[in-house]
Amino acid sequence: MANHELISEYIYTYRYPEEEHSLCQLEMRAFFNTDTDSNFIKSKVKVDPSRSPFMKDRIEVMYEGNSLSEIMEQVTKLRLGESTFSVSFINFKEMGNSKKISYKERNQIERDLGWKIDADFDLHHPDYAFGLIRLNDYWYFGEHVESEPVWLHHVKKPHSYSTALGTRLARSLCNIAVPDPEGISVIDPCCGIGNVLVEALSMQINISGRDINPLVTKGSRKNIAHFGYECDVTTGPIETSPEGYDVAIIDLPYNLYTHITQEEQLSILKHANRIADKVVVVTVDTIDHMVEEAGFQVKDRCIARKARFSRQVLVCE
């Protein structure tokens, strides 16, 4: 295939419910140090789109141009040998200022483009999957990776309870806390039944779990084993947790369903500062004063909504 190692721009497409727009943008900022109101983003940072519950496609840009005819000309340079390929035209919905393209027109463009590539077409099991996208009247072509909704497979667990974080939120929290897992150690010291642990483990994040309740840690271990993962889950309060973690993810217990006091919440935050350098906190209340008293600064934040219920996500360092 043609050498495109010098081209390192990626285009990601997104889909999210409006109530999760703020959460999606916080995840974008964690991955790319920027966000957008559009349903796509361009970046030189490479991310597996299956990590995000909001990403749908990634195109690694190989060729670009002002017109489709320019792309048609450039793809003739591809040298795939005996390898097979497929082509997908991504504009099945509006992308920025570019309107969605009808199925018939997309199909024709895919066929026309495919005829320009000197290799065998294979729709179902290609060696190379290519994508074409039109953004604001400009065209891009490159290797295409579709997201797999891994988190959906984790919805049904042997053990659950109503106040646990949803799998989409849990997965996004892991990305916000650990955009790049390489060399990062993580703890969830209030892990409950392990929704965050399962999502983190599915993304090869080095994470440990802990909870004061022996019944939920038992359930957490069973949930983790159910999906074929392994993780150290211990029983005990955060006060006795060992130190030395890079990141802690904490769904802060609240007194609607527990008997926890504000003083106990503050104690959790103070011990989080002892055991980790960075903490991502989920809270139903505004706790900025507690965060400051615990020795942290809020570096970023969002509101995660679900129907009439809202949670705040705080990135603290």
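User: Which residues does Tyr14 touch, not counting residues up to four places away in sequence?

Analyst: This is a predicted model. Tyr14 belongs to strand E1 (10-14). With residues up to four places away in sequence left out, Tyr14 touches Cys24, Met28, Phe32, Asn39, Ile41, Ser52, Phe54, Met55, Lys56 and Lys93.

User: How many residues does the largest nonpolar core have?

Analyst: Tyr14 is among the residues with the most contacts inside this core, as are Tyr12, Leu23, Phe32, Ile205, Ile207 and Val313. Elements that give two or more residues to the core include strand E1 (10-14), helix H1 (21-32), helix H4 (167-177) and helix H5 (195-202). A second, separate core of 23 residues includes Ala248, Ile275, Val281 and Met290. The largest nonpolar core has 43 residues.

User: Is Ser172 buried or exposed?

Analyst: Ser172 has its place in helix H4. Buried means under 20% relative accessible area. The relative accessible area of Ser172 is 0%, so Ser172 is buried.

User: Which residue's side chain is joined to that of Ser172 by a polar contact?

Analyst: Leaving aside neighbours within four places in sequence, Ser172 is in contact with Leu23, Glu27, Pro53 and Phe54. A polar contact of 3.1 Å joins the side chain of Ser172 to that of Glu27.

User: Is the crossing of H4 and H5 left-handed or right-handed?

Analyst: On the H4 side, the contact is made by Thr167, Ala170, Arg171 and Cys174. On the H5 side, Asn195, Val196, Glu199, Ala200 and Ser202 take part. The crossing of these helices is right-handed.

User: How many residues of H5 are buried?

Analyst: The buried residues of H5 are Asn195, Val196, Leu197, Val198, Glu199, Ala200, Leu201 and Ser202. They pack against H4, strand E8 (185-188), strand E9 (206-211), helix H6 (214-226), strand E10 (233-235) and E11. H5 is mostly covered, and its buried residues number eight of eight.

User: Which residue takes a positive phi just after H5?

Analyst: H5 covers residues 195-202. Just after H5, a positive phi of about 60 degrees is taken by Gln204.

Technical notes. Residues numbered from 1 in each chain as written. Predicted model: local features only at pLDDT ≥ 70, side-chain atom pairs only at ≥ 80, totals over all residues. Heavy atoms only, no water. Core = buried A, V, L, I, M, F, W, Y, C linked by side-chain atoms within 4.5 Å. Buried < 20%, exposed > 50% of the residue type's maximum accessible area, 1.4 Å probe, protein only. Helix = DSSP H or I, 4+ residues; strand = E, 2+ residues; numbered from the N terminus. Contact = heavy atoms within 4.5 Å. Polar contact = N/O pair within 3.5 Å; in protein donor to acceptor, adjacent residues only side chain to side chain. Left-handed = near helix turned anticlockwise from the far one by under 90°.
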